[in-house]
Amino acid sequence: MTSPSTTDVIDTVLGLDRFPDLQALREQRAKLKQLSQTSYQAALRPTDPRNFSYALRAALAARMAALWKSQELSAHFRALLEREDEGSALASIADPGNGAEDADPRLQAILAHVDLVTLSPKEATRTNIEKLAAAGLDDRDIVTLAGLIAFVNYQVLVTAGLKMLRDN
Amino acid sequence: MSQAVHEFTVEALDWKPYVKPVDVETATTEQLDALKITPSNKKISDYVLVLANEPETLKERTPLFNDIMYSEGGLSRGGREIGALAASFVNRCIYCASVHAARYIQLEKRPEVVDEIYGSGLDANLPEFEQALFNFGVDLTAHPDNVGAYQFYHLREIGLDDLQILDLIHAVAIFGWANRLMHTLGEPHRLD
């Protein structure tokens, strides 16, 4: 795949090459734009993916973007998923309508957490973390998952805000 | 054992994690490297030590957060704090709200704005400028799939230019991130 470090995902999904004024506006905040993209790399394609494969990360990201009806980002993450090894095996996860009832308990716990913390973070309590631990996630896994959820939601909000600027 | 706090406050709070913070004594080189760029020289908080479980992410996140909240020009510091507070209010991140309500008051010397938000919540009746910032923060946080012309014109009506709107978007969005860590990985307690 092309090196993500030279491509800005948000510019790409919003087609900002056709909106030079908005691209120039984003360049006024070049540092945070760059750090948003390196954060994408750290969340989706870290050097050591450990217990969360690149495919799983892309599938969960596609699911979160779809939960917020962010068509631009969900299409992006689905395409990323297709390019990852074993990506097709996880395609069903990208669809929020699918609770993966036939998935293993670890994946079921992950999906339940992703859905809750994306749409209703205020409802999350200690019990939700205990459920992840009971499903076999260690402390680092829990922080990894929280970080992925948090990053994708950030990207959804930035994309939604920029889309508002693009279209008005 | 101190009491967990479940109501909004401007009091300084403690934060107790549900998962184990990294022990600085046994931290890896990568973790120490990520921890070095935390914003202050104070003792490293348990929150940052929890995030250090994922050093590659933390290393990008710390400077990103600082640039969004503290960069020169554009939207005022207080304006960015209203965005942070609106997000934290919707997501019920009691700890985040307490910190950023206190910062707002410190910057703008207007405790009545925070009192009104804490007292009336989403029905808060604020001065025009603060109202528009707060409403945008609430809308983008609660319904990112539904921000458009309506929200945009309200921000223009109070005189925001494009850069100020961009700064507000980022301030709200970075708290969509922070709230999902702080509120889900631990809980606030009264200081002992």
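Good morning, colleagues. Please bear in mind throughout that the structure is a predicted model.

I begin with chain A. Chain A contains eight helices and zero strands. Its pattern along the sequence is accordingly written α-α-α-α-α-α-α-α. The radius of gyration of chain A is 16 Å, close to the 15 Å given by the globule rule for 168 residues, so chain A is as compact as a globular protein of that length. Its C-alpha trace spans about 50 × 35 × 30 Å along the principal axes. Of the 168 residues in chain A, 45% count as buried. Among contacts in chain A with a separation of 6 or more, 68% come from residues 24 or more positions apart.

I turn next to the contact between the two chains. Two packed helices are described by the angle between their axes and the distance between the axes. The crossing of helix 8 of chain A and helix 9 of chain B is right-handed.

Which residues of the two helices meet? From helix 8 of chain A, they include A:Ala146, A:Ile149, A:Phe151, A:Tyr154, A:Leu157 and A:Leu165. From helix 9 of chain B, they include B:Asp162, B:Ile165, B:His170, B:Val172, B:Trp177 and B:Arg180. By class, this contact has 16 nonpolar, four polar and two charged residues.

Finally, I wish to draw attention to two residues in loops of chain B. Most residues other than glycine have a negative phi. B:Arg92, although not a glycine, has a positive phi of about 55°. B:Arg92 sits in the loop between helix 4 (77-90) and helix 5 (94-108) of chain B. B:Lys109 likewise is not a glycine and has a positive phi of about 55°. The loop that holds B:Lys109 runs between helix 5 and helix 6 (111-120) of chain B.

Are these two residues buried or exposed? B:Arg92 counts as partly exposed because it has 17 C-beta neighbours inside 10 Å. B:Lys109 has 8 other C-beta atoms within 10 Å and is therefore exposed.

Thank you for your attention.

Terms used:
Residues are numbered from 1 along each chain as its sequence is written. Chains are lettered from A and ligands numbered from 1 in the order in which they are written. This is a predicted model: local features need pLDDT of at least 70, side-chain atom pairs count only at pLDDT 80 or more; totals for chains, interfaces and linings use all residues. Helices (H or I, at least four residues) and strands (E, at least two) are DSSP runs, numbered from the N terminus. A residue is buried if 20 or more other C-beta atoms lie within 10 Å of its own, exposed if 12 or fewer, and partly exposed in between; C-beta atoms are placed from the backbone. A crossing is left-handed if the near helix is turned anticlockwise from the far one by less than a right angle, and right-handed if clockwise. Two residues are in contact if their C-beta atoms, placed from the backbone, lie within 7 Å. Ala, Val, Leu, Ile, Met, Phe, Trp, Tyr, Cys and Pro count as nonpolar, Asp, Glu, Lys and Arg as charged, and the others, Gly among them, as polar. The radius of gyration is taken over C-alpha atoms; the globule rule is 2.2 Å times the number of residues to the power 0.38.
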